[in-house]
Amino acid sequence: MACVVARQELRTPAVFVLETLAVAACYYAGGRLGLLRELTVAGAVVSPVWPPTGVAVACLLVFGLRCWVGIALGALFVLAHLTSLHPASVGVLAGNTAAPVCGYLLLRGVGFRTDLARLRDCLALVFLGAFSAMLISSSVGAGLLVATGDLPGRSFWGVWLAWWVGDAMGVLLITPVLLMLLGVRAPLDWSRWKEAVGLAVIAGCVVPVATRSPASLLFAIYPLLIWAALRFQLPGSMLCALFASVMATIAATDRLGPFAHMSEVEVMVNLQSFNGAMALTSLLLSAVITEQRNTRRSVERACQELVEVLEHLTAGESATGRPPRDDGGRSRSAG
């Protein structure tokens with residue numbers, strides 16, 4: 001027994017190292033994806049959606065607080081890829097690590113559940129994990145840019161807002177998808193598979209046209225989100241929202257479709273409004289539908305149990321030829 005315990009204790013550091021490296025690799029991969037599409041706001045280059053924040057929050061919710069080391073390491077790799085490291089990079093690194101950690105602590109404090117089956121969990125992810133926690137990274141990052149002279153003071157609020165929204169969009173769009181991948185269950189009947197394929201084909205045709213058409217057809221994507229949420233709840237709605245967000249971001253950075261004749265600020269405002277509205281619609285609608293279905297199933301189970309109890313009582317009356325008696329020895333039918 002002592003030998004087994006010793007082996008487990010020796011194996012724990014190795015598991016921690018592997019877990020840390022995996023989190024860092026995922027964070028760095030998300031950063032490279034986020035850098036593929038950039039916009040210039042107030043003289044600074046920002047990413048409309050910053051996937052590493054979503055990766056970091058999801059890893060914290062799954063593995064716990066111990067994976068903050070991997071997040072810091074991944075953020076260091078991203079900074080080293082972007083620019084040469086200098087003393088101010090320590091502050092940016094601290095802000096990018098502290099923001100998801102604070103988001104995780106806030107979510108844990110309100111009893112957040114990773115299945116996102118309750119409306120309160122989706123609201124907590126939106127307002128605590130995304131909007132509130134990401135204030136840290138944006139404030140630290142934009143503040144350091146001004147303090148080091150890399151950004152004029154008059155441009156602080158524009159860069160701060162773009163930074164904050166990009167980090168928040170990463171949490172709203174990436175975190176639910178990663179959490180969903182851990183608990184998704186494929187539909188068993190063939191009709192659901194056919195409907196899922198049909199939805200995917202229609203989305204694959206409608207979304208590129210809507211995001212690239214100069215006729216401003218972005219509103220045509222929302223019926224697809226509603227369809228996905230009604231039939232497939234969180235997995236369907238979030239995958240549809242993520243696909244639409246990627247296509248809209250590509251169109252915005254390439255100045256195509258409804259973004260063709262907009263300024264940099266107008267592109268950022270319209271793109272982030274669209275992404276935010278899609279994420280909120282998908283999260284909240286799927287949570288409401290899931291709650292209603294769970295409530296209906298609970299009521300159905302309670303009714304079934306009541307029917308079984310009544311059948312048991314009826315069978316008892318038929319066997320004895322008289323109504324059952326209570327503890328006082330009196331007939332229940334007699335009161």
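Which residues do ring pairs link into a cluster? Here are some notes on this predicted model, starting with that one.

1. **The aromatic cluster.** Phe127, Phe131, Phe156, Trp157, Trp160 and Trp164 are joined into a cluster by ring pairs. The count of aromatic pairs comes to seven. One of them is Phe156 with Trp157: the ring centres are 4.9 Å apart and the planes meet at 80°, so this pair is edge-to-face.

2. As a reminder, an α-helix has 3.6 residues a turn, so residues three or four places apart point the same way.

3. **Buried or exposed?** Trp157, in contrast, is exposed, with a relative accessible area of 59%.

4. **Helix 2.** This helix covers residues 51-63, which makes 13 residues. From its first C-alpha to its last it reaches 18 Å, close to the 18 Å expected at 1.5 Å a residue. Helix 2 is mostly covered, with eleven of its 13 residues buried. Among them are Pro51, Pro52, Thr53 and Gly54, and the list goes on through Val55, Ala56, Val57, Ala58, Cys59, Leu60 and Leu61. After the helix comes Gly64, with a positive phi near 100°.

5. **Annotated segments against the model.** An unreviewed UniProt entry lists "transmembrane region" for residues 12-30, 90-111, 123-147, 159-184, 234-253 and 273-290. Two of these ranges can be set beside the coordinates here. Residues 12-30 are 100% helix and 0% strand, and their end C-alpha atoms lie 27 Å apart. Residues 273-290 are likewise 100% helix and 0% strand, with 25 Å between the end C-alpha atoms.

6. **A nonpolar patch.** Leu306, Val309, Leu310 and Leu313 make a nonpolar surface patch of about 340 Å². Val309 belongs to helix 10 (residues 264-320). With a relative accessible area of 47%, Val309 is partly exposed.

Conventions. Residues are numbered from 1 along each chain as its sequence is written. This is a predicted model: local features need pLDDT of at least 70, side-chain atom pairs count only at pLDDT 80 or more; totals for chains, interfaces and linings use all residues. Side-chain values use heavy atoms; hydrogens and water are left out. Helices (H or I, at least four residues) and strands (E, at least two) are DSSP runs, numbered from the N terminus. The expected span of a helix is 1.5 Å times one less than its number of residues. Buried means under 20% relative accessible area, exposed over 50%, partly exposed in between (1.4 Å probe, protein chains only). UniProt positions are given in the numbering used here, feature names are shortened, and annotations may be inferred rather than shown by experiment. Patches are made of residues with over 30% relative accessible area and no salt bridge: like charges are joined within 9 Å, nonpolar side chains (Val, Leu, Ile, Met, Phe, Trp, Tyr) within 5 Å. Accessible areas come from the Shrake-Rupley method with a 1.4 Å probe; for residues, only the protein chains shown count as cover. A salt bridge is a side-chain nitrogen of Lys or Arg within 4 Å of a carboxyl oxygen of Asp or Glu. Rings of Phe, Tyr and Trp (its six-membered ring) pair if their centres lie within 6.5 Å; planes under 30 degrees apart count as stacked, over 60 as edge-to-face and the rest as tilted.
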